[in-house]
Amino acid sequence: MDRFSWANGLLEINETLVIQQRGVRLYDGDDKAKLDVGVVLLTTHRLIWRDIKNHECCISMPLSQIIFFEEQAAGIGKSAKIVIHLHPVPANKEPGPYQHSKFSYIKLSFKEHGQIEFFRRLSEEMTQRRWENTPASQPMPTGMGTQAGRTRAVGIVGIERKIEEKRKETDKNISEVRISLKAKEMVEVSRSIANKIKDKQGDITEDETIRFKSYLLSMGIANPVTRETHGSGTHYHMQLAKQLGDMLQAPLEERGGMMSLTEVYCLVNRARGMELLSPEDLLNACKMFESLKLPVRLRVFDSGVMVVQLQSHSEEEMIASALDNVSEKGSLTAEEFAKLLGLSVLLSKERLLLAEKMGHLCRDDSVEGLRFYPNLF
Amino acid sequence: MSFEWPWQYNFPPFFTLQPNADTRQKQLAAWCSLTLSYCRHHKLYTLDVMEAQESPIFNNKKIERKLSMEAIQVVFEELRKKGNLDWLDKNKSRCLVMWRRPEEWGKLIYQWVSRNGMVNTVCTLYELSNGDDTENEEFHGLEEWMLLRSLQALQSEGKAELITMDDSKGVKFF
């Protein structure tokens with residue numbers, strides 16, 4: 001932590017902002033720093049941290065100070081972290097919050113996620129080393145200090161670590177490539193099976209086709225939007241909303257233009273497989289459909305039941321079909337109507353209630369249950 | 001002559017208070033007119049809410065539907081707003097049903113009075129409701145409280161004046 005200097009939070013002339021992430025706590029080695037949660041900014045030249053409330057409290061460190069860095073996965077009750085190993089304090093360093101520290105590394109703890117993207121951008125900056133090409137107007141203190149003895153020791157260990165890290169990285173990349181290749185293969189295979197099914201529809205029962213379709217669907221999303229890749233907050237929900245808009249189109253059309261939110265929740269999480277979505281995130285994403293002008297909409301019925309429906313889904317048509325069905329049968333319960341349309345009872349009831357609200361139907365609430373009649377009044 | 005039930009009486013939703021405001025309004029109007037015409041047909045002047053629930057008006061045994069207590073109260077309240085009903089007690093358990101409002105009765109009586117040249121004469125209440133001359137009139141057999149109210153309505157219009165005689169009440173028409 002003693003590598004940090006007080007800063008004014010302004011960027012130098014040649015410096016550009018790369019990424020920033022809220023909700024980051026600093027650790028001096030393994031100890032929590034005496035600073036609160038704040039925003040961490042990565043620029044082409046520096047790592048900057050600013051207190052979330054008190055913007056005066058801002059510290060920075062040149063990127064040249066960094067030897068290497070590694071990820072530390074999240075655990076139960078622990079946020080994901082990035083551990084950054086540092087060169088010793090340069091002699092001409094400006095004062096900072098820590099005069100001295102026994103640790104030669106700091107940790108960034110990501111309370112509100114976003115560490116994956118941050119890690120990626122930091123790696124990019126560290127390989128590009130842009131601070132060398134375009135020095136900021138103010139001379140940046142370099143990491144290579146004059147205290148030869150310590151430097152060498154750390155340096156060698158550092159180099160060794162760097163090599164080890166590189167090896168790990170390559171391993172990881174290879175396995176990731178393998179997984180994605182496999183996924184691609186799987187998708188290919190399932191596609192060919194789907195086509196075969198289409199060709200000889202007769203041999204396979206409707207039920208089986210439906211079941212297979214759902215299997216296919218569960219392999220659907222190749223790279224789900226997660227908090228890790230897109231951080232938290234609105235940006236995450238926006239990306240999620242876009243992905244939902246795409247993937248819900250087909251299932252919605254199949255189901256007559258409307259699905260209850262619970263159905264959507266199950267479908268989406270089955271499709272995502274590992275990266276499960278919380279109900280709250282799903283709802284927040286759905287709430288953004290309208291502002292993002294996506295072809296799907298979240299709709300809340302008077303009863304509080306929430307559904308996702310196609311924007312093209314016409315209400316008049318829905319009411320008219322409800323009225324037609326009820327008139328034809330004389331009267332209907334929600335269960336009977338659900339069977340007739342192949343919908344869930346919940347949704348069929350909402351349709352009947354909507355038609356009632358519009359004055360096309362009326363109800364008979366007796367011991368036999370709730371029945372709807374054409375409104376003859 | 002048996003009472004003729006309206007079509008709604010055999011329509012099950014008639015016995016469920018409709019949540020849709022428009023529909024409910026039409027439903028209540030139908031209930032009001034049914035209640036009044038039923039009472040008129042059976043010459044009923046008072047109704048007990050508890051008994052009403054079991055009476056054929058609100059209980060259709062054929063389709064096994066009955067109007068709930070709560071809904072009956074709503075219908076009665078609606079009738080009260082229209083001036084066709086008065087509660088007899090604070091608990092709203094008994095009520096007077098006026099299938100004709102006092103003003104309407106008053107008008108009928110006054111028409112009869114003018115037809116028979118009885119303006120500016122005095123007659124007793126008994127004569128009006130039970131006299132031989134009124135036998136073919138609709139107000140024949142009208143209960144005394146109802147008759148009194150009707151005449152009071154006429155009095156406020158300046159067409160009659162109630163007079164208290166020795167042991168009975170009389171009325172003079174103008």
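This is a predicted model: local features need pLDDT of at least 70, side-chain atom pairs count only at pLDDT 80 or more; totals for chains, interfaces and linings use all residues.
Helices and strands here are DSSP runs, a helix having at least four residues and a strand at least two, numbered from the N terminus.

Figure 1. Chain A holds 11 helices and 15 strands. Of its 377 residues, 44% are buried. Chain A exposes about 20900 Å², and carbon and sulfur atoms supply 54% of that area. Among contacts in chain A between residues at least 6 apart in sequence, 59% join residues at least 24 apart.

**Figure 2. The interface of chain A and chain B.** Here 15 residues of chain A are in contact with 15 residues of chain B. The two chains bury about 1300 Å² between them, with 63% of this area on carbon and sulfur atoms. Arg363(A), Leu376(A) and Phe377(A) supply 50% of the area that chain A buries against chain B, more than any other three residues.

**Figure 3. Salt bridges and polar contacts across the interface of chain A and chain B.** The rule finds 2 salt bridges across this interface. Glu368(A) forms a salt bridge with Arg65(B), and the closest N and O atoms of this pair are 3.6 Å apart.

**Figure 4. The side of chain A that touches chain B.** Helix 11 (345-357), strand 14 (361-366) and strand 15 (369-374) of chain A each supply at least two residues of this side. Strand 14 of chain A gives the largest share, 5 residues. By class, the side of chain A that touches chain B has 6 charged, 6 nonpolar and 3 polar residues.

Key: Residues are numbered from 1 along each chain as its sequence is written. Chains are lettered from A and ligands numbered from 1 in the order in which they are written. Side-chain values use heavy atoms; hydrogens and water are left out. Contact means heavy atoms within 4.5 Å. Buried area is the accessible area (1.4 Å probe) that two parts lose on being put together, summed over both. A salt bridge is a side-chain nitrogen of Lys or Arg within 4 Å of a carboxyl oxygen of Asp or Glu. A polar contact is a pair of N or O atoms within 3.5 Å; within protein, one must be able to donate a hydrogen and the other to accept it, and residues adjacent in sequence count only if both atoms are side-chain atoms. Ala, Val, Leu, Ile, Met, Phe, Trp, Tyr, Cys and Pro count as nonpolar, Asp, Glu, Lys and Arg as charged, and the others, Gly among them, as polar. Buried means under 20% relative accessible area, exposed over 50%, partly exposed in between (1.4 Å probe, protein chains only). Accessible areas come from the Shrake-Rupley method with a 1.4 Å probe; for residues, only the protein chains shown count as cover.
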